[in-house]
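Student: I would like to learn how to read the packing in a structure like this one. Could we go through it together?
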Amino acid sequence: MQIGFVFSTSPHGSASGREGLDALLATSAFCDTLSVFFIGDGVLQLIAGQQPQQILSRDYIASFKMLPLCDVENIYVCRASLASRGLEHTETVLPTQVLALEQVKKRLSECDRILHF
């Protein structure tokens, strides 16, 4: 069974991203076929060098670096989402595959279950 995790919300202002990361890490212990998608404001989850303590938020973004250690290798980012936010050349906290929107849709369609955060 292939499970897809979609991150589409910004990292600050809600606990959605942190909860999604927790769920993803827990699921990685039981499932070998995981895919992670960053679309919309979710691409902001990957930006290196953020300082959430400045807004009294918890810093969990660096924890995304653990995904390859948990054998999560299918990590995709929507090219259009990066471009619309001016982030095409921004350093991210982990290696990703940048895909066109149509490619993202195709990969999502291959997932048996999708969890959205």
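Tutor: Gladly! Let us start with a cut-off: a residue is called buried when its relative accessible area is under 20%, and exposed when over 50%. Keep in mind that this is a predicted model. Tyr76 has 4% relative accessibility, so Tyr76 counts as buried.

Student: Which residue forms an aromatic pair with Tyr76, and is the pair stacked, tilted or edge-to-face?

Tutor: The structure holds six aromatic pairs. In one of them, Phe37 joins Tyr76 in a tilted arrangement, with 5.3 Å from centre to centre and 35° between the planes. Phe37 lies in strand β2 (residues 34-38) and Tyr76 in strand β3 (residues 74-78), so this pair ties together parts that are 39 residues apart in sequence. Phe37 has 1% relative accessibility and therefore counts as buried.

Student: Which residues do ring pairs link into a cluster?

Tutor: The cluster consists of Phe5, Phe7, Phe38, Phe64 and Phe117.

Student: How should I think about a nonpolar core, and which residues touch the most other members here?

Tutor: The general idea is that in soluble globular proteins, nonpolar side chains tend to be buried together. In this model the largest nonpolar core has 23 residues, and Phe7, Phe38, Phe64 and Leu67 touch the most other members. The elements giving two or more residues to this core are β1 (3-7), α1 (16-28), β2 and β3. Another core lies apart from it, with eight residues, among them Val6, Cys78, Val104 and Cys111.

Student: What is Phe64 in contact with, leaving aside its neighbours within four places in sequence?

Tutor: With that exclusion, Phe64 is in contact with Phe7, Leu21, Phe38, Gln45, Val93 and Leu94.

Student: And is Leu24 buried or exposed?

Tutor: Leu24 belongs to helix α1, and its 0% relative accessibility is why it counts as buried. Once neighbours within four places in sequence are left aside, Leu24 is in contact with Phe5, Phe7, Leu34, Val36 and Leu67.

Student: How many bridges join β1 to β5?

Tutor: Four bridges join these two strands, which run parallel. In that region, Val6 stands opposite His116 in β5.

Student: One last topic, the cysteines. How many disulfides are there?

Tutor: The criterion is a pair of cysteine sulfur atoms within 2.5 Å, and the count comes to zero disulfides. Cys70, at 26% relative accessibility, counts as partly exposed, whereas Cys78 is buried, with a relative accessible area of 3%.

Key. Residues numbered from 1 in each chain as written. Predicted model: local features only at pLDDT ≥ 70, side-chain atom pairs only at ≥ 80, totals over all residues. Heavy atoms only, no water. Phe/Tyr/Trp six-rings, centres within 6.5 Å; stacked < 30°, edge-to-face > 60°. Buried < 20%, exposed > 50% of the residue type's maximum accessible area, 1.4 Å probe, protein only. Core = buried A, V, L, I, M, F, W, Y, C linked by side-chain atoms within 4.5 Å. Contact = heavy atoms within 4.5 Å. Pairing = 2+ DSSP bridges.
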